[in-house]
Structure formats: C-alpha cells, structure tokens
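Hello,

Here is the structure I said I would pass on. My notes on it come after the model.

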Amino acid sequence: EEYLAAELNRLTVQERAEALDDVHCVGEELKETPEMIEQSLMEFDALVRLSRSPAYEMALRQNRPYVEDPSFRLKFLRCNLYDVHRSVRQMMDFLRHKITYFGEDKVAREITLDDLNE
C-alpha cells in the first residue's frame, strides 16, 4: 500500500484524475461518427485479410455472416477505441479462445448458457 501511495503521489493532478477515470470507466467519451465507423470497418476488413488465422478461417467456413457482421466487428473496435490493429488481434484471439474453451463447433456463433453446462 505504501508503494502504491508513493507512486500516486508522484503523479500530477491531471494524471491522477485520468488514472481514476480509467479505474472507474469514466472520462472522455469517444465521439463516433458514421464516417469514422465506416472507415474503421474498411481498415478492419483490410487488415483481417492480411492476418487471417486458422481460427478465423474455421469461423468463416462455418458461418461467414457471423464473423463478417459489422456489429460483431464493432464490438472489438469500440473496446479498443478504434485502434484497428489491436481490434483485429483481439478478434483473432477471441476466436482462438472460443475454440479452446468451447470447441470448434461453437467458434462461429454466440455462446449460450446451455454451452456453459456441457
């Protein structure tokens, strides 16, 4: 606790306020525009074509509309504040983890409560 307090005391007032905002999930809201969403989704799609993973390829074969759905991809973009590279990497990791924890047959669909009981 003393170490944490000492480190917090080294921060400026602005840095401390930003850190607390991050902890409490508040702060400046990213202003989305239709143009920003469209551009980010185009960049996302281009990067996905370059960085295809075996998990992504499997999901494409099983249910292309699921992995290409803009609302599915927007989840990753919003989570990463529209950092396209991080978003694509996170989606690929997400699909890989779905295979690991839920099986290949569930990679290209939403996980339900029934899936957790198997």
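This is a predicted model: local features need pLDDT of at least 70, side-chain atom pairs count only at pLDDT 80 or more; totals for chains, interfaces and linings use all residues.

Residues are numbered from 1 along each chain as its sequence is written, and side-chain values use heavy atoms, with hydrogens and water left out.

Aromatic contacts

A search of the whole structure gives 4 aromatic pairs (rings of Phe, Tyr and Trp, the last by its six-membered ring, with centres within 6.5 Å; planes under 30 degrees apart are stacked, over 60 edge-to-face, the rest tilted). One of them joins Phe72 and Phe76, edge-to-face, at 5.2 Å centre to centre with 80° between the planes. These two are about one helical turn apart because they sit 4 residues from each other in helix H5 (residues 70-79); helices are DSSP runs of H or I with at least four residues, numbered from the N terminus. Both Phe72 and Phe76 are buried (under 20% relative accessible area; exposed is over 50%, partly exposed in between, with a 1.4 Å probe and protein chains only). Phe72 and Phe76 also belong to one aromatic cluster with Tyr66 and Phe94.

Loop between H5 and H6

Leu81 lies in the loop between H5 and helix H6 (84-102), and Tyr82 lies in the loop between H5 and H6 as well. Phi is positive in each, although neither is glycine: near 50° for Leu81 and near 65° for Tyr82. Leu81 is exposed, with a relative accessible area of 60%, whereas Tyr82 is buried at 10%.

Regards
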